[in-house]
Amino acid sequence: VIVTNTGEVPVTDIELEDNLRSGNNTTLYLSSPNHNAGDLTPWPSFTLAAGESRTLTGFYILSQATVNTGSVSNFINATAKDPNGNDVVARSDDPDTALVNDDTVTSIAQSAAILITKTASPGSGTFEVGDVITYTIKIKNTGNSESNAGSVVNNLGRGLLFSIAVKSSST
């Protein structure tokens with residue numbers, strides 16, 4: 001976040017209110033290097049001389065619930081005082097769009113991917129009629145979005161099939 005005093009006089013008591021929302025409009029909280037998430041003001045107030053800028057760092061660690069919404073939007077409201085004690089207010093703008101004072105929106109691409117592994121126990125050896133071979137099939141969601149449902153069909157040969165329905169899981 002870059003805050004610039006574009007006026008001709010200093011401004012004091014600059015406070016920034018960060019408005020971070022997931023794609024379904026759930027309030028999220030930005031953290032900064034010296035502040036843990038939990039409120040809308042992640043930076044201490046400060047003063048800027050005329051023409052002066054300050055760069056502030058903030059971050060949000062994506063949760064699965066936020067990834068599932070497909071986006072994060074953010075804007076900042078700033079309040080300050082001029083030398084006469086008058087309020088100075090501003091709203092952030094996404095410089096990558098033609099709109100004025102619009103949210104900065106980060107789209108989150110969702111990728112679905114699974115990894116299936118199958119092992120046998122025992123894995124080799126001399127077998128006789130009646131021996132049991134146990135197969136373990138593991139399915140892991142390796143994408144960044146939740147798996148909703150599916151099925152696994154294992155062709156055991158000679159017309160034998162093993163089928164299982166897979167319910168929603170994030171692992």
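Q: In which sense do β6 and β8 pair, and over how many bridges?
A: β6 and β8 pair in the antiparallel sense over 4 bridges, and two strands are said to pair if DSSP finds at least two bridges between them. Ser 73 stands opposite Val 105 in β8. This is a predicted model, in which local features need pLDDT of at least 70 and side-chain atom pairs count only at pLDDT 80 or more, while totals for chains, interfaces and linings use all residues. Residues are numbered from 1 along each chain as its sequence is written, and side-chain values use heavy atoms, with hydrogens and water left out.

Q: What makes β2 and β6 a pair, and which residue in β6 is the bridge partner of Leu 16?
A: The two strands run antiparallel and are joined by 9 bridges, and the partner of Leu 16 in β6 is Ala 78. β6 also pairs with β7 in the antiparallel sense, over 5 bridges, with Lys 81 facing Asp 87 in β7 as its bridge partner. In the hairpin of β6 and β7, 5 residues lie between the strands, and Gly 85 takes a positive phi near 85°.

Q: How many helices and strands does the protein chain have, and what counts as one?
A: The protein chain has 1 helix and 12 strands, where helices (H or I, at least four residues) and strands (E, at least two) are DSSP runs, numbered from the N terminus. Along the sequence, the pattern is β-β-β-β-β-α-β-β-β-β-β-β-β.

Q: Why is Ile 2 called exposed?
A: Ile 2 has a relative accessible area of 63%, and exposed means over 50%, buried under 20% and partly exposed in between (1.4 Å probe, protein chains only), so Ile 2 counts as exposed. Ile 2 is found in strand β1 (residues 2–4) and, apart from residues up to four places away in sequence, touches Ser 53, Arg 54 and Thr 55, a contact being heavy atoms within 4.5 Å.

Q: What makes a set of residues a nonpolar core, and which members of the largest one touch the most other members?
A: A nonpolar core is a set of buried Ala, Val, Leu, Ile, Met, Phe, Trp, Tyr and Cys residues joined through side-chain atoms within 4.5 Å. The largest has 17 residues, of which Val 3, Ile 14, Leu 16, Trp 43, Phe 46, Leu 48 and Leu 56 touch the most other members. Two or more residues are given to this core by each of β2 (11–22), β4 (46–48) and β6 (71–81). Beyond its neighbours within four places in sequence, Val 3 is in contact with residues including Leu 16, Phe 46, Leu 48 and Leu 56.

Q: How do you know that the bond from Ser 121 to Pro 122 is cis?
A: The omega of that peptide bond is near -5°, and Pro 122 is placed in the loop between β9 and β10 (134–141).
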